[in-house]
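Subject: Structure handover

Hello,

Here is the structure you asked to take over. My notes follow below it.

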Amino acid sequence: MGVELANERAGFLEMEDVNFTDNELVYHVRTALKSVSLGDSESYDELIGVMHHRERLSPDEVALLVTCLKALSGTVSCIDVVHHESLLSSIFGMSMWNYGPEVMDALVDLIISLQAASSGKYVDSCLDMLIRNFVPPYSYLALLKQPRGLSRKDQVLSRVHSALESIGHLVPLAPMRLLSLVVQRMPRQYDNEAVIMTYVENMFKLESGSMGQLVGSTMLTAVVDRLLDLDLEIGWEDILQEDSSKGIFEMELEDLEEDEEDWNDEGGELPGKHLSRNSLRGNIIAEKLDSLLVLTFEYLESCQGRGRLLEVFETLLHSFRITVLNAYKSKFSQFVMFYACALDPENCGVRFARMLLDIFVCHDHPPNTRMSAVAYLASYLSRGKFLSTSYITTMLKRLVDWCLDYCKVQDEDVNPLAHRVFYAGCQAIMYVLCFRMWSMMSIPRLKSQLFLMPIETILKHKSDPLKVCLPSVVGEFLKQARAARLFTVSKTSISDDILETELSRAFGGLERLDTFFPFDPCLLKKSDRFIRPNFIFWSMVKTTYDDDEDEDEDAEGSSDEDGEESVDGAVENRGDGMATSFDERDIDMEEFDYALNKMSITPKQSSMYRFGSGLDELVRMPSRIRPSTSPESL
Amino acid sequence: MEGLKVSDANLVVCVHPSKGHRVSEAVLRELSSHLFQFSEIFDGVLLAYDVNIVEKNAKILPGIHPYFGVRLKAKLLLFSPEPNMLLEARVVKLTPESIHVIVLGFASAVIIDEDIREEFDYRTKNGKEVYCSKVHRRHVIKVGTMIRFLVKSLDKEVLHICGSLKPSNTGSIHWLDKDFEEISLIDRSGTKRERENEMKMQEHTVVGEEEISLGNGQIKKSKKRRLIEES
């Protein structure tokens, strides 16, 4: 340090033409500080003047500032909270983003010695000052995208974090105070996107740093909470049209589709035409949410790279259980869980499903939580491309077992409210089977397991879940079940357009938990590329029946045929918004996408991704994804 | 080291009804929330506890929420440093102006140059900072050394201690325990008596008995504490 100081001083000397040694300098500053309490504040004011040099410093000024900061580091014990208030406030008010590396270093040293040498008085202020340096001053935000800004960002953040670490080293309890400060200072959902992103980056840095064990879980939880805040800010009404006359399923689909188109248009056109329905604020919030999700996904990836995904996942799981699970119809935040599961299906994926099922079967939880959990489970088992069919069958078996036990105990007629948890369970079983029946049927072992499940007993129980559950799910399920000969269904019960009745509306309660499918396609543009490869769209699902012939088709027979002509079949059916496609075992989706990109298959292909306006065809997923858009709605 | 004591406490922990199905977990959680913080209730920092639930029945307390009071007996390890106590700590950083130490691995303390006795000189040896005694060459304080120091003041909120190395019975423990003994035998100075006094002080174990109520930070009743000197 002495050597460095000498060098700095060299510049200083030339300019001032005075000769000071390190000690003399420290002594000088010390005298200046002490004389304030005696009423003489001349040199003290001079010192503060130096600290206030901010904009475009000349080399001389930089040298002077560095010297002052270093001298102050040596005299921290003389700084008095009452007498030197203005000095302290100017130190704490400095933003490292405004200075070069030398000043940054000197400032960081000063902050460290200030907080360590004071008798605990400045711990909070020092931590707070460092936290404020997580984000650049407002004027600097635009520079963040340029290389110059990025290198400054690296310089500042590496120093801030190493300072936090050395403070943690000197004051072992500092992380405890850091926690609350970081969470307090976290930007709100209305703040600038760049600010939120940079801040959250810092939070992730803390999580993965040496203090991670102490502060990590709080950081992650806070990020998920912020995601949820943004998510809830969007509101279903921003996505959906306020047309309550339509059935909720169709309503969602139609509007999601329009919404996507709006989104795609955004780049080129003024958003005027959809401003009326889809307010601009909603879109800005959605973009923030999107970027934040991407950041989180990337972080999860890096965690996996470092082999600590499981550890992070436990925290995520906990925060999911206490916040997201109970948030009213959270739309996007849950994809953090989905992606974490996709990164490590054997551990995280299994753990997530098990936790959801445990919540569902446990009577200690309130009914809404249980229904929400089973909705998550159903959606997760249906959509997760990374889940093995045999695991899905195991989970389904547990679900069926629970429902069977319920049937044995209950002997009442239809009562949407009293049996709502049960109905939610039944709907989950049917929903999962809509997506997975074909793949289960094609593996003999699983097929026999499926046939052994007392699904018929459950669905034909006195409480009549078939009448109560969501008609579109029931309809699709019955169609597939009949084709697979899973159980005997009279044909009329299927083909009669199952309409949404009072009953089917009632069990979800006012919250309409019956129509909640959390892992429906994520509509956010940037995060889509993370989710898409791990996601099963309805258009990819192979059903047990053949759509063209519609009836009297042997399930297994048709499946083999479908396998051969899957690509063409898929294409035609997608155009119709229908539900037949290929299975990943026949043609891997990635290969398919690749082929699609290379335009090696029929031009008809492009029509299926029409939301991409034919340009970037893979940007948008088909939105006609749900059973409800099966023939009756078209 | 002074400042540590084991207290037998009779506690009443108020458990929220929502935690009713996992009482023992709730009790542990409540106690854990007091760890490593200065607590007025205990008059010290709770470092560890060993808890026994006395009764299976808990009294439902009147109020908006029907909390129930779980009675338990606990052995608490408390750390309550006070001015003029001698504490032991590990050195983590040395600067020309200060020595930074950590007590018991969690409380930070600093000794500023004004409180370091003249005997010690700050030097840099082979790129490493040390404080050397001018009087006894082998009395050296480096990063990692365990030192004994006197408490000057204490900030209870952030658990920050200001210490002093002024008294002669402070400094590197390693040196104090070995060489100091020999030297003082030769010197026959008064310091030996001080040292003996200090040793006696350390043998005192403090046993407190108190009835304190936890939960929601409110104290229900607190009985006087008796300090019994065993020796």
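What pLDDT does chain B average, and what share of the residues score at least 70? Chain B averages 78, and 77% of the residues reach at least 70. pLDDT is the predictor's confidence in each residue, from 0 to 100.

First, the conventions. This is a predicted model, in which local features need pLDDT of at least 70 and side-chain atom pairs count only at pLDDT 80 or more, while totals for chains, interfaces and linings use all residues. Residues are numbered from 1 along each chain as its sequence is written, and chains are lettered from A and ligands numbered from 1 in the order in which they are written.

**Confidence**

The predictor gives the complex an ipTM of 0.73 and a pTM of 0.74. Two stretches of chain B need care. Over residues 202-213 of chain B the pLDDT is below 50. This stretch still has 41 contacts in the model beyond near neighbours in sequence. A contact here means that two C-beta atoms, placed from the backbone, lie within 7 Å. Residues 215-231 of chain B also stay under 50. For them the model has 30 contacts beyond four places in sequence. Where pLDDT is low, the predicted coordinates should not be read in detail.

**Chain A**

Chain A has 31 helices and 0 strands. Both are DSSP runs numbered from the N terminus: helices are H or I with at least four residues, strands are E with at least two. Of the 634 residues in chain A, 46% are buried. Buried means 20 or more other C-beta atoms within 10 Å of the residue's own, exposed means 12 or fewer, and partly exposed lies in between; C-beta atoms are placed from the backbone. Take contacts in chain A between residues at least 6 apart in sequence: 75% of them join residues at least 24 apart.

One residue to look at is Gln155(A), in helix α8 of chain A. It counts as partly exposed because it has 17 C-beta neighbours inside 10 Å. Leaving out residues up to four places away in sequence, Gln155(A) touches Pro101(A) and Met104(A). Asp105(A) is 50 residues from Gln155(A) in sequence, and their C-alpha atoms are 9.8 Å apart.

**Interface**

The contact between the chains takes 14 residues from chain A and 21 residues from chain B. On the chain A side, α6 (101-117) and α8 (147-170) are the elements that give two or more residues. The largest share, 3 residues, comes from α6(A). By class, the chain A side has 7 nonpolar, 6 polar and 1 charged residues. Ala, Val, Leu, Ile, Met, Phe, Trp, Tyr, Cys and Pro count as nonpolar, Asp, Glu, Lys and Arg as charged, and the others, Gly among them, as polar.

**Chain B**

The domain assignment gives domain 1 (4-80 + 206-226) and domain 2 (86-189). Such bounds come from an automatic or database assignment. Between them, 4 residues of domain 1 are in contact with 5 residues of domain 2. The domain 1 side has 4 nonpolar, no polar and no charged residues.

Chain B also holds an open sheet of 3 strands, ordered β9-β10-β11, with antiparallel pairing. Strands pair if DSSP finds at least two bridges between them. β9 and β11 (140-142) of chain B each have a single partner strand, so one side of each lacks a neighbour in the sheet. 6 bridges join β9 (residues 120-125) to β10 (residues 128-133) of chain B. These two strands form a hairpin with 2 residues between them. In the turn, Asn126(B) has a positive phi of about 50 degrees. Tyr122(B) stands opposite Tyr131(B) in β10(B), and Thr124(B) stands opposite Glu129(B).

Best wishes
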